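Good morning, everyone. Please have a look at the structure on the screen.

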Amino acid sequence: MGMSDTALFMGQLLRRPHQIVALAPSAPGLCAEMTRELDPARGPVLELGAGTGNITQAILASGIAPEACHSIEMNPEFCDRLRARFPGLNLHQMSAGECGALPLRNVQAVISGLPLLSMPIGLQRAILGGALRLLAPGGEFVQFTYGPKPPLARAVREELGLTWRESAKIWWNMPPARVYRFARTQSCRMDARTHRG
Ligand SMILES: C[S@@+](CC[C@H](N)C(=O)[O-])C[C@H]1O[C@@H](n2cnc3c(N)ncnc32)[C@H](O)[C@@H]1O
């Protein structure tokens, strides 16, 4: 019999604690909140840090077709598990810092299970900058956190002109968590267009 997702997660947590930074895979209530606003009619979804696939499962359960779901995971053991669990998924075994290089456009939402706040600020900047390049206008970067503050360095939020919405606390998760939805303000989107043009 194969190893359970929880056993695989715990084993990798012991080997690579700084990459995982969570006590257990996300619980169903948190996965549901992360994916609540997805719409199969609105284009592809990009997932960052898929782990053993609990949030991936919720993305697919929301009606997103496997071919419209792109998941990035850098841990090779987790990638083996994801390939076995979701045969049609577009799995990219790479660092989320390179996500801007993916050949994707008009992504409706980026769903991130990354330990973003514990990453160096340069990596946070690369991840958000890449994600914003792929997002459709009005698209959101969805990120959970266990802590009391927005899960993205203030400097990066300010540089990119991000605003956010915050969910109620999800108690049935270990530890309890909150979901943040970051988006670019309209004026910053216009600035970005001006600079590009
Ligand atoms: C907190 S776990 C979340 C796993 C899963 N999404 C969940 O919610 O149960 C963080 C995941 O991000 C992955 N990760 C960490 N840094 C990464 C990076 N730079 N690029 C891609 N994946 C990364 C880890 O390997 C791990 O699978």
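**Aromatic pairs and one histidine**

Tryptophan 164 has a relative accessible area of 34%, so this residue counts as partly exposed. Keep in mind that this is a predicted model.

How many aromatic pairs does the structure hold? It holds four. Let me show you two of them.

Here is one: phenylalanine 144 with tyrosine 146. A pair like this is described by the distance of the ring centres and the angle of the planes. Here the centres are 5.7 Å apart, and the planes make an angle of 50°. That pair is tilted. Buried or exposed? Phenylalanine 144 is buried, because its relative accessibility is 9% and the limit for buried is under 20%. Tyrosine 146 is partly exposed, at 26%.

Now back to tryptophan 164. This residue pairs with phenylalanine 182. The pair is tilted as well: 6.0 Å from centre to centre, with 55° between the planes. Where do the two partners sit in the chain? Tryptophan 164 is in strand β6, residues 162-166. Phenylalanine 182 is in strand β7, residues 178-184. They are 18 residues apart, so the pair links distant parts of the chain. Phenylalanine 182 is buried, with a relative accessible area of 1%.

Last stop: histidine 70. Its place is in strand β2, residues 69-73. At 12% relative accessibility, histidine 70 is buried. Which residues does histidine 70 touch, leaving out those up to four places away in sequence? They are Val45, Leu46, Glu47, Asn90, His92 and Leu104.

Technical notes: Residues numbered from 1 in each chain as written. Predicted model: local features only at pLDDT ≥ 70, side-chain atom pairs only at ≥ 80, totals over all residues. Heavy atoms only, no water. Phe/Tyr/Trp six-rings, centres within 6.5 Å; stacked < 30°, edge-to-face > 60°. Buried < 20%, exposed > 50% of the residue type's maximum accessible area, 1.4 Å probe, protein only. Helix = DSSP H or I, 4+ residues; strand = E, 2+ residues; numbered from the N terminus. Contact = heavy atoms within 4.5 Å.
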